[in-house]
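Hi,

Here is the structure I promised to pass on. Have a look at it first, and my notes follow below.

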Amino acid sequence: KVLVGWYHTLPRMGVFFSAWDTWLHNNFFPEAWQVALVIEPFSAAGGFFIRQVNGLLDSRRYFGFYELASKSKKSVVHWRNMVSDSEMIKLQEEDRQ
């Protein structure tokens, strides 16, 4: 088995990567493909922290993600800080009008 990353929650604190998180990730998840997911459960926000092309981890920038578990193409969680592809297409169409 191979660990692809780790996650933790920050209740009522927002989505961010602290100095401790950065240290932990760099020391226990050193591979370029290993990720960290931070979830803020009260606001239903979350994001992945990943290494950039140069191998460095930007602790101030997180990335969205796709959920593959649902056949209905709807998220299992209502993420407040992310939109699905269908929602994005709808928003783009509204902007064009």
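Let me start with arginine 61: apart from neighbours within four places in sequence, this residue is in contact with Phe48, Phe49 and Gln52, where contact means heavy atoms within 4.5 Å. Before going further, please note that this is a predicted model, in which local features need pLDDT of at least 70 and side-chain atom pairs count only at pLDDT 80 or more, while totals for chains, interfaces and linings use all residues. Residues are numbered from 1 along each chain as its sequence is written, and side-chain values use heavy atoms, with hydrogens and water left out.

Arginine 61 sits in the loop between β3 (45-49) and α2 (85-96). Helices here are DSSP runs of H or I with at least four residues, strands are runs of E with at least two, and both are numbered from the N terminus. Arginine 61 is partly exposed, at 44% relative accessible area; buried means under 20%, exposed over 50%, and partly exposed in between, using a 1.4 Å probe and protein chains only. Phenylalanine 17 is 44 residues away from arginine 61 in sequence, yet the C-alpha atoms of the two are 8.5 Å apart.

The structure holds 1 salt bridge, counted when a side-chain nitrogen of Lys or Arg is within 4 Å of a carboxyl oxygen of Asp or Glu.

Now to the strands. In β3, 4 of the 5 residues are buried. β2 and β3 run antiparallel and are joined by 5 bridges; two strands pair if DSSP finds at least two bridges between them. Across this pairing, leucine 37 stands opposite phenylalanine 48 in β3. The hairpin has 4 residues between its strands, and alanine 44 takes a positive phi near 55° there.

Finally, helix α1 (residues 19-28). Asp21, Thr22, Leu24 and His25 are buried in this helix. Seen down the axis of α1, the buried residues fall within an arc of 165°, so they line one face of the helix; the arc is taken from the directions from the helix axis to the C-beta atoms. Their cover includes β1 (5-9) and β2 (35-40), whereas Ala19 and Trp20 are exposed on the other side of α1. At the start of α1, a side-chain oxygen of serine 18 comes to within 3.3 Å of the backbone nitrogen of tryptophan 20.

Best wishes

Definitions and conventions
A polar contact is a pair of N or O atoms within 3.5 Å; within protein, one must be able to donate a hydrogen and the other to accept it, and residues adjacent in sequence count only if both atoms are side-chain atoms.
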